[in-house]
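Please read it with the structure open.

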Amino acid sequence: MNAHLPAPDAPLASIDMGSNSFRLEIGQVLQQRYRRLAYLKDTVRLGAGLDANGYLTEEATQRGLESLRGFAHRLQGFGPGQVRAVATQTLREARNRNDFLARAETVLGFPIEVISGREEARLIYAGVSFMQPARKPRLVIDIGGRSTEMILGTGRTPGVAESFQVGSVSLSMRWFPDGALTRQAFRDAEVAAGAEIEEALGQFAPNRWEEALGSSGTAGAVSQILAGAGVSDGTITPAGLRWCIEQCLAAGHVDRLNLPTLKEDRKPVIAGGLALLYTLAMHFGLEELKPAKGALRQGVLIDLHERHEARRGDQPGGRDLRDGSVSSLQQRFGADPAQAERVRLVALSLYEQLAQAQDAADEALLELGWACALHEVGMMVSHHDHHRHSAYLLAHADAPGFSQNQQRRMADLVLGQRGGLRKLEAALAQERFAHQVLALRLAVIKCHARGPVHPGALSLKRSGRTVTVGSRRGWAEQNPRTAHLLRDEAEAWSRLGVLKLVLNLR
């Protein structure tokens with residue numbers, strides 16, 4: 001796998017597809033130091049493009065695609081391992097997100113991951129803690145367009161992390177829809193914000209942290225306003241927030257706002273952001289909120305760098321958090337690690353025989369290995385149909401490091417480990433996925449006796465859509481039950497017609 005990784009000093013890029021803005025960050029991580037090479041930002045307001053039924057409008061979609069076209073132009077020459085794009089709350093909500101993602105990935109030229117709220121929070125903390133290191137316990141707050149993330153952590157280690165479905169865009173659209181800035185609208189927005197976050201009062205109580213930092217757009221914009229007006233040095237305080245709100249009330253409408261440093265593209269959402277910040281300050285005792293140097297985009301880039309370091313295996317401190325998440329899930333659900341490892345070794349050996357040379361070292365191989373490690377977690381629910389329980393758990397469990405897309409792909413793999421194939425018919429039209437499923441199913445069959453196995457006892461040869469399963473001389477006679485299961489497997493694939501499985505067992 002290492003040969004397909006970018007060089008240690010190669011530039012990396014992250015794309016944050018937020019509800020208000022799309023951002024592209026290009027940088028390098030060298031000797032635990034970060035160097036920015038380029039930064040682009042487009043105000044897309046994707047979150048404002050969700051209609052009453054939860055669908056992204058075509059107008060909002062086009063704004064997003066246009067931004068990604070510009071990013072794609074800037075990323076010419078970057079390889080797959082150098083770019084990671086993530087999408088947040090709006091695409092978590094959008095009912096037509098798959099349609100949008102298909103078009104967006106075509107325009108961008110790279111995969112796009114929809115990440116969960118907690119994964120977003122973890123990555124935000126990763127960016128802040130790397131860019132602004134400290135040992136004291138911290139509260140990091142990130143107010144986005146349609147969600148707010150709160151994270152407690154010490155050093156580079158996050159603790160409690162939560163995401164709340166309220167943000168500057170959603171509050172502004174609901175309580176300041178026509179741009180009018182009234183005292184009642186601010187009160188209503190603050191009550192609505194408080195209703196979303198009050199469940200976290202104990203988790204993020206002031207006695208649990210020594211410093212509070214505000215990450216990303218809203219906190220940065222308010223900090224600049226306060227510094228530009230001479231109200232503070234950029235530190236956000238309750239008094240400073242009250243001053244900002246009073247300026248809004250005096251203006252009466254967003255079109256008449258004249259706050260120092262406030263950009264035109266931030267005006268339509270500043271009222272919701274201020275209401276939310278003030279609510280957070282009052283609920284969580286925020287006497288001072290300082291602007292953070294890092295944000296989600298840096299966290300995504302740092303996380304990508306650490307994944308590469310872990311795969312190289314020759315760099316101190318390299319870690320891929322996903323490996324740890326898989327181990328934790330195995331322990332939580334009482335999976336049999338010995339059986340999981342047997343299946344993993346066989347499945348990876350088979351998949352490498354099926355895959356094209358350029359595919360054998362990519363994320364597909366990693367995902368197959370993780371799916372093998374977790375293919376039996378559903379047994380803690382019931383041995384009957386455990387593959388269905390395993391798939392559900394894998395799709396819905398909190399698994400730090402994984403995107404929602406990746407968890408669902410792995411869940412589909414686990415679902416396909418046994419039984420009929422019709423349930424995955426649409427996904428099996430993708431050749432790579434079909435090969436992953438075949439490798440996993442054959443590995444499960446080969447390891448069904450739950451005893452020692454030779455990973456190379458079976459071999460695969462591919463010619464178009466035909467896959468031939470071969471064995472060492474005498475193997476079929478020594479393993480009649482496994483040979484019987486393989487004949488059933490060949491029939492299962494013949495009924496679907498996606499692949500033709502030919503047995504050449506000796």
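**Notes on the predicted model**

1. L393 counts as buried, at 17% relative accessibility (buried means under 20% relative accessible area, exposed over 50%, and partly exposed in between, with a 1.4 Å probe and protein chains only). L393 sits in helix 14; helices (H or I, at least four residues) and strands (E, at least two) are DSSP runs, numbered from the N terminus. Neighbours within four places in sequence aside, L393 is in contact with F333, V377, G378, M380 and V381, where contact means heavy atoms within 4.5 Å. From L393 to G144 the C-alpha separation is 29 Å, and the two are 249 residues apart in sequence.

2. The basis of these notes is as follows. This is a predicted model, in which local features need pLDDT of at least 70 and side-chain atom pairs count only at pLDDT 80 or more, while totals for chains, interfaces and linings use all residues. Residues are numbered from 1 along each chain as its sequence is written, and side-chain values use heavy atoms, with hydrogens and water left out.

3. Overall form. The protein has 18 helices and 13 strands. Its C-alpha atoms fill a box of roughly 90 × 45 × 45 Å along the principal axes. Of the 506 residues, 56% count as buried. Among contacts between residues at least 6 apart in sequence, 69% join residues at least 24 apart.

4. Which residues touch the most other members of the largest nonpolar core? They are L368, L428, L438, L442, W493 and L501, in a core of 63 residues. A nonpolar core here is a set of buried Ala, Val, Leu, Ile, Met, Phe, Trp, Tyr and Cys residues joined through side-chain atoms within 4.5 Å. Helix 16 (residues 431-446) gives the largest share of this core, ten residues. Not counting residues up to four places away in sequence, L442 touches L350, L460, V469, L486, E489 and L501. Another core, of 47 residues, lies apart from it and includes L139, I143, F176 and Y278.

5. L280 is in helix 9 and, at 0% relative accessibility, counts as buried. Leaving aside neighbours within four places in sequence, L280 is in contact with I141, I143, T148, M150, I197, G285 and L286. L280 and D16 are 264 residues apart in sequence, and their C-alpha atoms are 24 Å apart in space.

6. Helix 5 (residues 168-175) packs against helix 9 at an angle of about 105°, with the axes 7 Å apart. Axes are lines fitted to C-alpha atoms, for helices over the stretch in contact, and angles run from 0 to 180 degrees between N-to-C directions. That makes helix 5 roughly perpendicular to helix 9; angles under 35 degrees count as roughly parallel, over 145 as roughly antiparallel, 65 to 115 as roughly perpendicular and the rest as oblique. S168, V169, L171 and S172 in helix 5 meet P268, V269, I270, A271, G272, G273 and L276 in helix 9. By class, this contact has seven nonpolar, four polar and no charged residues (Ala, Val, Leu, Ile, Met, Phe, Trp, Tyr, Cys and Pro count as nonpolar, Asp, Glu, Lys and Arg as charged, and the others, Gly among them, as polar).

7. Helix 6 (residues 183-197) and helix 8 (residues 238-251) pack at about 140°, with axes 10 Å apart. That makes helix 6 oblique to helix 8. R183, F186 and E190 in helix 6 meet I245, E246, C248 and L249 in helix 8. The contact of helix 6 with helix 8 has four nonpolar, no polar and three charged residues.

8. Backbone points to check. Most residues other than glycine have a negative phi. T261, not a glycine, has a positive phi of about 70°. T261 lies in the loop between helix 8 and helix 9 (267-284) and is partly exposed, with a relative accessible area of 43%. D385 also has a positive phi, near 55°, in a residue other than glycine. D385 is in the loop between helix 13 (363-373) and helix 14 (386-396), and at 30% relative accessibility counts as partly exposed.

9. T482 belongs to helix 18 (residues 480-496) and counts as buried, at 6% relative accessibility. Setting aside neighbours within four places in sequence, T482 is in contact with I445, K446, H448 and W475.
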